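User: I'm new to this and would like a close look at one part of this protein. Could you walk me through the charged pairs?

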Amino acid sequence: MWLKHTNPTERITLTASFGGYAVDAFDYMIYTMLIPTLMTVWSMSKAEAGLIATVTLWASALGGWAAGVLADRYGRVRVLQWTVLWFSFFTFLCGFTRTPEQLMLARALQGFGFGGEWSVGSVLIAETIRSHYRGRAVGLVQSSWAIGWGAAALAFAWIYSTVSPELAWRVLFWMGILPALLILYIRRNLTEPEVYVHAKRREQESSEKTSFLAIFSPAILKTTILASILIMGMQGGYYTITTWLPTFLKTERHLSVLGTGGYLLVIITGSFAGYLTSAWLSDHLGRKKCFMLFALMSLLIVTTYMQIPITDAQMMLLGFPLGFFVSGIFSGAGAFLSELFPHALRGSGQGFCYNFGRGTGSFFPALVGILSATMPLSKTIGMLAAAAYGLVIVTLFFLPETRGKALH
């Protein structure tokens with residue numbers, strides 16, 4: 001096991017980043033499970049529910065880039081603490097909202113911190129872990145999304161079985177304040193990566209400043225654009241499926257809350273396995289081949305899941321490979337983006353590309369809500385997810401392979 005060969009600093013960084021991303025997932029994914037309740041309580045349309053998800057992701061795009069820029073200037077560890085505190089507080093605040101408009105504002109502010117946490121945490125991991133373990137380390141942290149998603153599904157089933165739906169959704173949002181406790185662990189145990197410390201020292205000695213806008217300079221612009229489109233396809237496919245899957249299972253498959261939870265847990269288990277497998281493959285096959293494999297399989301599985309008539313039992317069985325490929329594709333993303341940009345622009349470059357991709361990919365859930373007014377939800381989800389993964393496949397032909405690249 002490669003973890004046995006990591007040093008104490010690497011393990012502490014992995015623990016903090018793993019925990020940060022897991023609670024990130026809990027706070028974000030809980031909304032996708034509450035959509036049917038909120039549509040009933042507030043008489044929201046699918047379009048309105050999708051718009052809230054899209055606004056949240058757009059805010060996360062801005063927050064991710066901003067956090068990346070701040071991390072390049074003030075340090076990875078300090079900014080990581082800021083982002084965790086931010087998204088925890090505004091998730092908690094969502095539980096007090098009384099209208100869709102208030103919830104949209106609170107979710108947008110929550111998204112600002114949610115996007116920032118991933119940007120800073122993935123750079124922190126990439127700069128701390130040795131190059132031959134980098135893909136697996138970033139992928140391991142990425143797998144914590146499934147842990148947070150699973151915790152959200154379990155909390156959802158538990159709270160809804162003990163509290164009325166009118167109160168249950170508020171309780172689940174209030175639980176979002178708990179991740180703020182992670183800050184205590186970060187403050188006590190985490191230090192800045194040596195790569196970052198040495199680079200800042202050289203920068204101070206030379207008095208040279210690099211603008212975060214340099215990611216749009218002629219020498220780097222092509223990389224910035226292509227990497228952003230790549231992530232847009234990944235995020236568009238993922239959020240199309242995960243935002244609307246609980247609603248699809250409830251409204252078109254007519255499953256109960258507990259039945260929906262069972263299907264989701266199969267998908268989440270597949271997601272966890274996919275993250276870990278893809279993390280290993282990205283170090284052994286290379287970043288591009290791994291992305292290509294998972295994009296092709298995601299396209300095939302989601303088409304089968306949504307478009308071909310199958311029984312409920314077959315659907316549950318297919319949930320595992322659906323989660324495996326749709327989630328696993330992200331494992332190599334953090335390492336890949338870190339390797340594409342020079343140190344002075346690593347936080348801002350990675351933060352912009354991942355979160356611009358997330359922001360533009362966020363249009364997909366809103367489109368599902370709009371188009372499902374005139375066609376079946378399953379057809380809409382399948383069509384838009386297939387388009388997103390097709391975009392990933394095309395973009396990969398124009399990006400370089402970066403496996404094993406040393407970060408200086």
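How many salt bridges does the structure hold?

Analyst: Keep in mind that this is a predicted model. The structure holds 6 salt bridges, so let's go through some of them, keeping to the cut-off that buried means under 20% relative accessible area.

Start with R346 and E127, which form a salt bridge with their closest N and O atoms 3.2 Å apart. R346 counts as buried because its relative accessibility is 2%, and E127 counts as buried because its value is 7%.

Next, have a look at R136 and D283, whose side chains meet in a salt bridge at 3.0 Å, N to O. R136 is in helix α5 (residues 134-162) and D283 is in helix α10 (residues 257-284), so this pair ties together parts that are 147 residues apart in sequence. With 15% relative accessibility, R136 counts as buried, and D283 counts as buried at 11%.

D283 turns up again with another arginine: R287 forms a salt bridge with D283, and here the closest N and O atoms are 2.9 Å apart. Both R287 and D283 are buried.

Salt bridges that share partners join D72, R76, E127 and R346 into one network.

Note on methods:
Residues are numbered from 1 along each chain as its sequence is written. This is a predicted model: local features need pLDDT of at least 70, side-chain atom pairs count only at pLDDT 80 or more; totals for chains, interfaces and linings use all residues. Side-chain values use heavy atoms; hydrogens and water are left out. A salt bridge is a side-chain nitrogen of Lys or Arg within 4 Å of a carboxyl oxygen of Asp or Glu. Buried means under 20% relative accessible area, exposed over 50%, partly exposed in between (1.4 Å probe, protein chains only). Helices (H or I, at least four residues) and strands (E, at least two) are DSSP runs, numbered from the N terminus.
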